[in-house]
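Biologist: I would like to learn how to read a structure with two chains, one feature at a time. Could you take me through it slowly?

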Amino acid sequence: MNGVHDMGGMHGMGPIHHEKNEPVFHEPWEGRIYAMTRVIRAGGGRQNLDNSRHQLELLPPAEYLRMSYYERWLARLTNQLIANGVATREEIGSGTPAPGSPKAAPAVAAAMVPAMVVRRNSARRDAEVSPRFEVGQRVRARNINPTGHTRLPRYARGKAGVIVRDHGVFLFPDTNAEFLGEKPQHVYSVRFAARELWGDHASPRDFIHLDMWDDYLDRA
Amino acid sequence: MNHAHEHEHHHDHQAVPSDLNLRVKALESLLVEKGLVDRAALDAIVDTYETKIGPRNGARVVARAWVDPAYKKRLTSDATAAIAELGYVGRQGEDMVVLENTAKVHNLVVCTLCSCYPWPILGLPPVWYKSAPYRSRAVIDPRGVLREFGLELPDEVEVRVWDSTAELRYLVLPERPPGTEQMTEEQLAALVTRDSMVGVAKVSATGEQS
């Protein structure tokens, strides 16, 4: 979707605030919402990483820009719990389950955390899929404007670049996010000249690399 | 007014917090009471990312590559396996790529669409990495962004920006600073900053923290 999350190339966002000796979490609630999200995700159900990213993109744009990173995580987890029927808005507001609501068993106990954080959950797939392109080939990013999730940023659409690396076969986020299947396909590193993306004011010695799926590309 | 209605009002007044700490506390209480979350598991996750998984992991990878040419070769050809040799594996580090900075090429990593970052070796990302100013400008004005971090690159240096749009996670292998020839691997690791492994800084021989 053409949302505010797709920020590459925007102006007016202000200076970068670099904090020295920054803590991992600035407030206790940040760590708690991070950890709760990890634990709820580990519980399974109708969710995946691509869908989770899309849930952030679906936050109203003004809210998205106003919120801090972990405020977005709180909004997302709240929305997901309500959408999946796990909790009601009233319960989330009060912090107390409605009378008679079922009691589950936690998916993650403390003793399982060390194994959880090192467990791989790769999006790479073993599927035998032929690559449509090869290293060195010139390609053009498709001009697509889907209303759902995509990992093809607006700033690269319609632009020409060169394949510099074939990363192998990965699931396709655009369909996976909507639970429409994994559609495994090759992902490439595509190198774009900054001048192709931004025009002649850009440095001739700047290059931007994006990882792009077969379905994002045509021959140039 | 029936009892249920009174009950609701009681909650609205007492427990609908505006403060984020209170809101998250309420959510945690709810999920604990519903049996979905174990508080001790949350404590363990927070502790893991506060004290165990962080940029010191990546610094050890970089220092090893500086002192061991065979390791560096493995690292730049199959980063995931070479990083796993040092024990760093897991969520958001499943498929790693290492980018080597040289006198002629400077690499810079961003995620314009969200905040993808290699958790097992750098920990959770700093606020600036997740912020709109960095995400918006790293791709259109990388040299300006680097200047904001205090790094002025000569015009002839090629800048390569890597937008983490897929599930590959990037680690910049910074240049080993001159004047560190006598240092041990451990001393070298102490010089390597998080920022240098994202590509917004160089490593200084005096261990200047950025």
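This is a predicted model: local features need pLDDT of at least 70, side-chain atom pairs count only at pLDDT 80 or more; totals for chains, interfaces and linings use all residues.

Biologist: Let us begin with domains; into which domains is chain A divided?

Modeller: The domain assignment of chain A gives two stretches, with domain 1 covering 28-118 and domain 2 covering 138-219. The centres of these two domains, taken over C-alpha atoms, are separated by 30 Å, and their contact draws on 7 residues from domain 1 of chain A and 5 residues from domain 2 of chain A. On the side of domain 1 of chain A that touches domain 2 of chain A, there are no nonpolar residues, while 3 are polar and 4 are charged.

Biologist: And how far apart do the C-alpha centres of domain 1 and domain 2 of chain B lie?

Modeller: For chain B the assignment gives domain 1 as 3-51 and domain 2 as 54-198, and their C-alpha centres lie 37 Å apart.

Biologist: Now the contact between the chains; how many residues of chain B are in contact with chain A?

Modeller: A contact of this kind can be read by counting residues on each side, and here 68 residues of chain B are in contact with 75 residues of chain A. Several elements of chain B give two or more residues to that side, including α1 (3-15), α3 (39-52) and β3 (158-163), but the element that gives the most is α2(B), with 11 residues. Sorted by class, the side of chain B that touches chain A holds 38 nonpolar, 12 polar and 18 charged residues.

Biologist: Which strand of chain A is joined to β3(B), and by how many bridges?

Modeller: Strand β4 of chain A, residues 206-213, runs parallel to β3(B) and is joined to it by 5 bridges. Taking individual pairs, A:Phe207 has B:Arg160 as its bridge partner in β3(B), and A:Leu210 has B:Asp163. Within chain B, 6 bridges join β3(B) to strand β2, residues 105-110, and these two strands also run parallel; there, B:His106 stands opposite B:Val159.

Biologist: Why is β3(B) described as largely enclosed by the rest of the structure?

Modeller: The reasoning rests on burial, where a residue counts as buried if 20 or more other C-beta atoms lie within 10 Å of its own. In β3(B), 5 of the 6 residues are buried, so the strand is largely enclosed by the rest of the structure.

Biologist: Which residues of the largest nonpolar core touch the most other members?

Modeller: That core has 110 residues, and those touching the most other members are A:Ile33, A:Met36, A:Met212, B:Val62 and B:Leu171. Helix α1 of chain A, residues 28-42, supplies the largest share of this core, with 7 residues. If we leave aside neighbours within four places in sequence, A:Ile33 is in contact with A:Tyr70, A:Trp73, A:Leu74, A:Leu77 and B:Val24.

Biologist: Which residues are in contact with B:Asp95?

Modeller: B:Asp95 is placed in the loop between α6 and β1 of chain B, and it counts as buried with 21 C-beta neighbours inside 10 Å. Leaving aside its neighbours within four places in sequence, B:Asp95 has contacts that include A:Ser122 and A:Arg124 from chain A, as well as B:Thr80 and B:Leu168 from chain B. B:Asp95 and B:Leu168 are 73 residues apart in sequence, yet their C-alpha atoms are 5.1 Å apart in space.

Technical notes. Residues are numbered from 1 along each chain as its sequence is written. Chains are lettered from A and ligands numbered from 1 in the order in which they are written. Domain bounds come from an automatic or database domain assignment. Two residues are in contact if their C-beta atoms, placed from the backbone, lie within 7 Å. Ala, Val, Leu, Ile, Met, Phe, Trp, Tyr, Cys and Pro count as nonpolar, Asp, Glu, Lys and Arg as charged, and the others, Gly among them, as polar. Helices (H or I, at least four residues) and strands (E, at least two) are DSSP runs, numbered from the N terminus. Two strands pair if DSSP finds at least two bridges between them. A nonpolar core is a set of buried Ala, Val, Leu, Ile, Met, Phe, Trp, Tyr and Cys residues joined through C-beta atoms within 7 Å. A residue is buried if 20 or more other C-beta atoms lie within 10 Å of its own, exposed if 12 or fewer, and partly exposed in between; C-beta atoms are placed from the backbone.
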